[in-house]
Amino acid sequence: MNTQQIRGFKIFMDADKGNCMACHAPPNFTDNGFHNIGLAQFAGDSPDMGRFAHIPVRVLKGAFKTPSLRNVTLTAPYFHDGSAKTLEDVVAHYVRGGDVKTNLSPTMKPLSLTPAEQQDLVAFLRALTSPPSSFMLPVLPPEPMISVRSSPGVESVTETPKSP
């Protein structure tokens with residue numbers, strides 16, 4: 001990682017700065033939990049109730065599963081409703097502490113990040129995407145042709161290689 005990405009990682013891990021690891025813990029960058037992060041759609045006339053629709057526990061109103069951040073640049077748009085088009089939009093959402101403060105998860109709080117720190121955090125998030133790798137299909141040997149002959153009490157199998 002470069003210097004900017006390392007600074008972003010430190011912000012990501014710092015509970016007083018990014019607090020990201022509260023829900024996106026390494027190595028998979030998820031806690032596999034459900035959280036309400038204050039998306040604007042939760043204030044609508046018929047908000048998506050998230051996990052609460054399946055398990056009616058108050059803390060799960062508007063809560064959605066925390067996704068892994070592995071290969072995050074390949075998964076835009078972000079949030080379950082696609083409301084954040086870029087990683088910069090995601091970080092801005094967390095800097096605001098969400099848009100709808102009703103029933104927020106306890107770990108959700110406004111972040112005090114400078115514009116440079118926000119850029120560092122985005123640089124780290126981008127570093128979580130692996131470079132594409134090529135994959136070569138193996139060359140398999142030709143299949144032999146198998147013929148089975150049987151006569152009463154005798155069975156024989158003959159393999160004849162296929163011609164290329």
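**Salt bridges and buried residues**

Tutor: Let us begin with D120, which counts as buried because its relative accessibility is 7%, and please keep in mind that this is a predicted model.

Student: Which side chain does D120 meet in a salt bridge?

Tutor: The partner is R7, and the N to O distance between the two side chains is 2.9 Å. The two residues come from distant parts of the chain, with R7 in helix α1 and D120 in helix α3, 113 residues apart.

Student: And R7, what is its relative accessible area?

Tutor: R7 has a relative accessible area of 40%, so R7 is partly exposed, whereas D120 is buried.

Student: How many salt bridges are there?

Tutor: The count comes to four. One of them joins E88 and R126, whose closest N and O atoms are 2.8 Å apart. Because E88 lies in helix α2 and R126 in helix α3, this pair ties together parts that are 38 residues apart in sequence. E88 is partly exposed at 37% relative accessible area, and R126 is also partly exposed, at 42%.

Student: What about D99, which residue does it pair with?

Tutor: D99 forms a salt bridge with R96, and here the closest N and O atoms are 2.8 Å apart. D99 counts as partly exposed at 37% relative accessibility, and R96 is partly exposed at 42%.

Student: Back to α3, which of its residues are buried?

Tutor: The buried ones are E117, D120, L121, V122, A123, F124 and L125, and what covers them includes α1 and α2.

Student: How far apart are the end C-alpha atoms of α3?

Tutor: They are 19 Å apart, which agrees with the 18 Å that the 13 residues of this helix, residues 115-127, should span at 1.5 Å a residue.

Student: Changing topic, where does T66 lie?

Tutor: T66 is in the loop between β2 (64-65) and α2 (87-96), and at 6% relative accessibility T66 counts as buried. The side chain of T66 makes a polar contact of 3.1 Å with that of D31. Leaving aside neighbours within four places in sequence, T66 is in contact with several residues, including C23, H24 and H35.

Student: Last one: which residues form the nonpolar patch on the surface?

Tutor: The patch is formed by M1, I6, F9 and M13, which together have about 350 Å² of accessible area. M1 lies in the segment before α1 (3-13), and with a relative accessible area of 60%, M1 is exposed.

How values were computed
Residues are numbered from 1 along each chain as its sequence is written. This is a predicted model: local features need pLDDT of at least 70, side-chain atom pairs count only at pLDDT 80 or more; totals for chains, interfaces and linings use all residues. Side-chain values use heavy atoms; hydrogens and water are left out. Helices (H or I, at least four residues) and strands (E, at least two) are DSSP runs, numbered from the N terminus. Buried means under 20% relative accessible area, exposed over 50%, partly exposed in between (1.4 Å probe, protein chains only). A polar contact is a pair of N or O atoms within 3.5 Å; within protein, one must be able to donate a hydrogen and the other to accept it, and residues adjacent in sequence count only if both atoms are side-chain atoms. Contact means heavy atoms within 4.5 Å. Patches are made of residues with over 30% relative accessible area and no salt bridge: like charges are joined within 9 Å, nonpolar side chains (Val, Leu, Ile, Met, Phe, Trp, Tyr) within 5 Å. Accessible areas come from the Shrake-Rupley method with a 1.4 Å probe; for residues, only the protein chains shown count as cover. The expected span of a helix is 1.5 Å times one less than its number of residues.
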